[in-house]
Amino acid sequence: MDWEALLLSIKLSSVTVLILIPLAILAGRFLAYRHFPGKSWVEALVMVPLVLPPTVIGYYLLVGLGSESWLGRMLEQLLGHQLVFHFSGLVVASILVNIPFAIQPIQRAFEAVPEDVRDAAACCGMSRLKVLFKIELPMVWPGVLTAMVLCFSHVLGEFGVVLMMGGNIAGETKTIAISIYDSVQAFDFASAGNMSLVLLLFAITVLALTTSLSRRVGGQYVAKRR
């Protein structure tokens, strides 16, 4: 087991979720409640990472944020280091790739909130911020939890965009997925099998727990409303 790569992957997944989920809540709520010209195009843009190969996204990030681009040079001056082949670059790439996994479940959860509930809250004089935290978030919590688990698990297994953006630098950009690939390349199938088994068991366990918790939370909320 490559523990260094596993811990780096967990760190990358955690940072990505912490940054992306709050933004996804705002974006998902906006897309659920607002109607504007070109909304379908915005939703299609959100879904692009689902159908676009990760290596393609990684290529554009590598070119757009590399030292040869004006944006890459500007960011290097501001941050003191390049985003390419650096952990911070992996965070940027992971956020972009996981946008649909974060926004879609949350948007669908907000769309399921009855409009009369929000109207009643507004009639009671509650501010939009209070409605969000007191009314909407408890109702959409299963969607938020699903988004968190999907993003965390997906980042943990990312390969193409990570390899393109970060390369294979031990302790900096070498994740567990890249470590598995290296083990296979070195014909160390025992190590590759152990690491793959850990990821498989993790994925099954987390998804099962998430499904159970989402049903329990949803059931408790329905019971309270009754």
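A residue is called buried when its relative accessible area is under 20%, exposed when that area is over 50%, and partly exposed in between (1.4 Å probe, protein chains only). By this rule lysine 174 is buried, with a relative accessible area of 19%.

The model is predicted, so that local features need pLDDT of at least 70 and side-chain atom pairs count only at pLDDT 80 or more, while totals for chains, interfaces and linings use all residues. Residues are numbered from 1 along each chain as its sequence is written, and side-chain values use heavy atoms, with hydrogens and water left out.

**Salt bridges**

A salt bridge is a side-chain nitrogen of Lys or Arg within 4 Å of a carboxyl oxygen of Asp or Glu, and the count by this rule comes to 4.

| Pair | Closest N to O distance |
|---|---|
| Lysine 174 and aspartate 2 | 3.8 Å |
| Arginine 108 and glutamate 111 | 3.1 Å |

Lysine 174 and aspartate 2 form a salt bridge that links distant parts of the chain, 172 residues apart, with lysine 174 in the loop between helix 9 (160-166) and helix 10 (176-185) and aspartate 2 in the segment before helix 1. Asp2 and Lys174 also belong, with Asp182, to a network of salt bridges. Helices here are DSSP runs (H or I, at least four residues), numbered from the N terminus.

Glutamate 136 is buried at a relative accessible area of 0%, whereas arginine 29 is partly exposed at 24%. By contrast, arginine 108 and glutamate 111 both lie in helix 6 (residues 99-111), 3 residues apart, about one turn of the helix.

**The largest pocket**

A pocket is, on a 1 Å grid over the protein atoms alone, an open set of points with protein on both sides within 12 Å along at least five of seven lines, and its lining residues have an atom within 4 Å of a point. The largest pocket is lined by 13 residues, of which Arg29, Tyr33, Arg118, Arg128 and Glu136 lie nearest its centre. Helix 1 (3-33), helix 7 (115-123) and helix 8 (128-156) each give two or more residues to this lining, and the largest share, 4 residues, comes from helix 1.

**Annotated spans**

The unreviewed UniProt entry lists residues 12-32 and 137-156 among its transmembrane regions. Residues 12-32 are 100% helix, with end C-alpha atoms 29 Å apart, and residues 137-156 are likewise 100% helix, with end C-alpha atoms 26 Å apart.

Terms used
On a 1 Å grid over the protein atoms alone, a cavity is a set of points where a 1.4 Å probe fits but cannot get out, and a pocket is an open set with protein on both sides within 12 Å along at least five of seven lines; lining residues have an atom within 4 Å of a point. UniProt positions are given in the numbering used here, feature names are shortened, and annotations may be inferred rather than shown by experiment.
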